[in-house]
Amino acid sequence: MAKNLFLLPGDGIGPEAMGEVRKIIGYMNSAMKADFVLDEGLVGGCAYDAYGAAISEEDMAKAMKADAVLFGAVGGPKWDHVPYEVRPEAGLLRLRKDLELFANLRPAICYPALASASSLKPELVEGLDILIVRELTGGVYFGEPKEIIDLGNGQKRGIDTQVYDTYEIERIASVAFELARTRKNAVCSMEKRNVMKSGVLWNQVVTETHKRSYPDVKLEHMLADAGGMQLVRQPKQFDVIVTDNLFGDMLSDVAAMLTGSLGMLPSASLGAPDAKTGKRKALYEPVHGSAPDIAGKGIANPIAMIASFAMCLRYSFNMVKEADNLEKAIANVLDQGIRTGDIMAEGCQKVGTSEMGDAILKE
Ligand code: NAI
Ligand code: MG
């Protein structure tokens with residue numbers, strides 16, 4: 001069956017990194033009869049230049065229909081002063097909202113060849129493989145009221161509101177438990193029930209969801225601040241971490257530093273399963289931005305984008321073996337000492353974006 005991919009390369013190094021994924025897809029179609037059907041649109045600054053919007057309605061409709069969206073990166077100094085509603089990031093936020101991508105998956109994998117680039121001792125991170133599942137569409141980033149009010153006495157008050165409903169916690173917990181079953185079968189849920197009512201509810205709902213539907217998975221609860229400490233103290237104790245939007249934002253950035261460069265980090269954002277087909281809407285993107293400082297030079301690291309495509313194979317198409325092979329190819333190339341500038345080390349061979357893509361494809 002045809003697998004419909006909608007590509008949104010975006011700005012800066014986005015298109016350069018996406019070009020290497022295109023090579024891999026082309027190979028899979030010709031040599032492995034993978035039957036990927038590609039379409040491509042504009043998002044971010046390039047969409048603003050073409051249509052005056054961060055993404056066109058036509059491209060939004062295509063993203064809604066596709067089996068999966070591959071997203072590069074958006075933004076750059078050229079668009080720093082465009083109106084707020086059409087700024088490059090608005091394209092990504094619109095996609096997340098309309099596709100209802102409530103589950104953000106950020107793996108923190110430490111390739112053995114890069115263990116010495118971590119902020120921690122190599123033995124603490126070598127072989128690290130954590131998956132952080134962050135709630136992406138609720139919590140304090142979206143809760144109302146959200147405002148700054150003038151108290152009239154020379155004082156102002158800034159208000160954000162942390163809100164979570166049962167269904168929001170249930171669905172993110174389910175994603176975490178399901179993913180754990182394909183890994184080491186362990187989930188650690190993080191909140192702050194000691195000081196937050198939403199944390200008390202989070203803890204209850206995760207516990208009930210576990211008892212009702214996933215009793216075979218090992219479940220542990222941790223206060224989020226202690227979790228942050230454990231993440232840098234003994235990161236290999238974790239398999240899947242599930243947490244809310246705010247804590248997930250911070251903890252996934254902490255986890256990122258365990259693994260080396262920004263150019264290595266993939267991510268996936270998943271929606272709810274379709275009632276009829278069971279298929280989830282999904283968007284895959286590298287964690288890094290458009291890197292204007294190196295854009296157009298052919299030196300960007302394409303691994304984050306390629307690893308995002310590996311996640312797409314795994315989660316949208318259940319092509320587990322192909323995903324494993326692609327990830328293994330990345331590890332092999334790193335073992336051979338082939339490096340882009342951002343992960344360069346002594347005695348290694350420095351290559352550009354395209355050579356890195358070719359080396360991975362060859363593996
Ligand atoms: P950035 O991630 O683009 O770059 C930070 C630093 O890491 C730069 O020195 C860059 O050269 C380097 N870097 C990033 N990815 C790399 C790669 N694949 N290979 C080699 N080096 C890499 O973050 P920054 O500089 O804060 O933002 C630049 C632009 O990107 C801004 O307009 C920002 O708004 C946008 N941005 C977009 C995101 C997205 O599309 N999801 C996420 C983050 C930032
Ligand atoms: Mg962040």
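## Helices on the sheet

Let's start with helix α1 (residues 14-32), which lies across β1 (3-10), β2, β3 (68-73) and β12 (280-286). The direction of α1 is at about 145° to that of β3. Helix α10 packs on the sheet too, where it touches β3, β11 (266-273) and β12. Between α10 and β12 the angle is about 165°. Please keep in mind that this is a predicted model.

## The sheet itself

Now for the strands. The open sheet is formed by 10 strands with mixed pairing, and their order is β2-β1-β3-β12-β11-β4-β5-β10-β8-β9. At the edges stand β2 (36-40) and β9 (218-223); each has a single partner strand, so one side of each is left without a neighbour in the sheet. On average, neighbouring strands are turned by 20° against each other, direction ignored.

One pairing to look at is that of β5 (residues 129-135) with β10 (residues 240-243): these strands run parallel and are joined by 4 bridges. Here Leu 131 of the chain has Val 240 in β10 standing opposite.

## The nonpolar core

The largest nonpolar core holds 104 residues, and Leu 70, Val 133, Ala 176 and Ile 306 have the most contacts inside it. Helix α10 (residues 303-316) contributes the most to this core, giving 11 residues.

Take a look at Ile 306: leaving aside residues up to four places away in sequence, it touches Glu 20, Val 21, Ile 24, Leu 326, Ile 330 and Ile 360.

## Around ligand 1

Finally, ligand 1 is surrounded by 19 residues, and the closest are Gly 75, Gly 263, His 288, Gly 289 and Asn 301. Sorted by class, this shell has 10 nonpolar, 7 polar and 2 charged residues.

Methods. Residues numbered from 1 in each chain as written. Chains lettered and ligands numbered in written order. Predicted model: local features only at pLDDT ≥ 70, side-chain atom pairs only at ≥ 80, totals over all residues. Core = buried A, V, L, I, M, F, W, Y, C linked by C-beta atoms within 7 Å. Buried ≥ 20, exposed ≤ 12 C-beta atoms within 10 Å, placed from the backbone. Helix = DSSP H or I, 4+ residues; strand = E, 2+ residues; numbered from the N terminus. Contact = placed C-beta atoms within 7 Å. Near = placed C-beta within 6 Å. Nonpolar A, V, L, I, M, F, W, Y, C, P; charged D, E, K, R; others polar. Pairing = 2+ DSSP bridges. Axes fitted to C-alpha atoms, helices over the stretch in contact; angles between N-to-C directions.
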